[in-house]
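Let's take a quick tour of a protein model. Keep the 3D view open and follow along as we go.

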Amino acid sequence: MNAPAGADVVIAGGGLIGLAVAWRCAQRGLSVTVLEPEPTAGASFAAAGMLAPITEAAYGEEPLLRLCQESLARYPAFAAELTALTGVDIGLRSSGTLQVGFDADDMRALDDLHAFHVELGLPVERLTPGDARRREPSLTPRLRGAVRVPSDHSVDARALHAALTAAVAAVGVTVVPAHAESLVVEEGHAVGLAHSGGVARGRTVVLAMGAWSGNLPGAPRLPVRPVKGQVLRLRGATGVLDGTVRALVRGRGVYLVPLRDDELVIGATVEEKGFDRTATAGGVYELLRDAIEVVPAVTELELAETVVRFRPGTPDNAPLLGPSADVAGLLLATGHYRNGVLLTPATADAIAGYLADGALPDYAKGFGPQRFVESMR
Ligand code: GLY
């Protein structure tokens, strides 16, 4: 199953990031091999698909916000190109996002966030509870206030993964169904990835293993850790919501994201428990309790799936993009934490651009691993 004579690029990981990088590299004429043993095992399979630079923006994370905005701007063309190539509709939904709050503390937090967004010149709008319910009639009358973010959208992450799988096949990428067991380095240069069937050799290796990127044997240790998320998928939700609703319910965050057809995704827990795959009664209970408080009709829906996956967290919540500080020929495309779906187009363009031009585009500069080098020593 090895690439016959070594590829230009070998990619560890066939989640959204790995596949999108593969697609963009192949479009630039590079031969590409991807190692991915289990495409549904990664965060891509759990993601609600929010494209939400603004509602994910936190104080002190303005550079990440700008990167996220850059990627969001690429989405319409990215989606159209993918669909034209593969025939797969990735369910890009442009209905915006409503943030709602329940008690006085929630409203203070929403007010602070709104002031921060206004200060940054972001497009946000305060709504009365009545205005919010006119937009989303399924919302409870008990909410205290809302902020509308018309530019935070969503996409169907599983459909996006299916589209990228078809796209890489269409452009001749070799996908090896094997786990990248170690990075092979010769004379200080990455030359491939060892797996159960041999070695996939390449002139450049891209590390896109999501939450598993931190400790690949042979590769430098990276500050990437798994951050567990439990997510629910419900069915029968046709007409329940038009766009994403994010809520603070007496201090607890929950989001509800409608997908095409009749699905609704409810997320998500944020747990520092390593690779613990347990779906807990408490996690499911809290998500359902809060979601039902926000949209009472949720109680009637079919609970179709409980999914546990791992976000690739980094110390500053921003991704690692670009060349390794320690090993020549190793590129990093990982650590996307809560924004992997959103950052897929910008990451793919940045990594493919680096391989073609020898430099990262301006928007991706500053996200290199060297920002953590001192803290890793
Ligand atoms: N992007 C939402 C989450 O990570 O839960």
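How many salt bridges does the rule find across the interface of domain 1 and domain 2? The rule finds one there. Keep in mind that this is a predicted model. Here's the rundown, starting with the two domains.

**The two domains**
- The domain assignment builds domain 1 from three stretches of the chain, 7-45, 158-224 and 315-376.
- Domain 2 is put together from 97-150 and 226-313.

**Where they meet**
- Domain 1 brings 16 residues to the contact, and domain 2 brings 16 residues as well.
- Together the two domains bury about 1400 Å² between them, and 55% of that is on carbon and sulfur atoms.
- For the salt bridge, look at the side chains of Arg158 and Glu305, which meet at 2.9 Å, N to O.
- You'll also find five residue pairs in polar contact between domain 1 and domain 2, counting pairs with both residues at pLDDT 80 or more.
- On the side of domain 1 that touches domain 2, the residues split into nine nonpolar, five polar and two charged.

**A stop at Gly239**
- Gly239 sits in the loop between strand E12 (225-235) and strand E13 (244-249).
- Is Gly239 buried or exposed? Its relative accessibility is 73%, so Gly239 counts as exposed, since the cut-off for exposed is over 50%.
- Asp262 is 23 residues away from Gly239 along the chain, and their C-alpha atoms are separated by 8.0 Å.

Definitions and conventions
Residues are numbered from 1 along each chain as its sequence is written. This is a predicted model: local features need pLDDT of at least 70, side-chain atom pairs count only at pLDDT 80 or more; totals for chains, interfaces and linings use all residues. Side-chain values use heavy atoms; hydrogens and water are left out. Domain bounds come from an automatic or database domain assignment. Contact means heavy atoms within 4.5 Å. Buried area is the accessible area (1.4 Å probe) that two parts lose on being put together, summed over both. A salt bridge is a side-chain nitrogen of Lys or Arg within 4 Å of a carboxyl oxygen of Asp or Glu. A polar contact is a pair of N or O atoms within 3.5 Å; within protein, one must be able to donate a hydrogen and the other to accept it, and residues adjacent in sequence count only if both atoms are side-chain atoms. Ala, Val, Leu, Ile, Met, Phe, Trp, Tyr, Cys and Pro count as nonpolar, Asp, Glu, Lys and Arg as charged, and the others, Gly among them, as polar. Helices (H or I, at least four residues) and strands (E, at least two) are DSSP runs, numbered from the N terminus. Buried means under 20% relative accessible area, exposed over 50%, partly exposed in between (1.4 Å probe, protein chains only).
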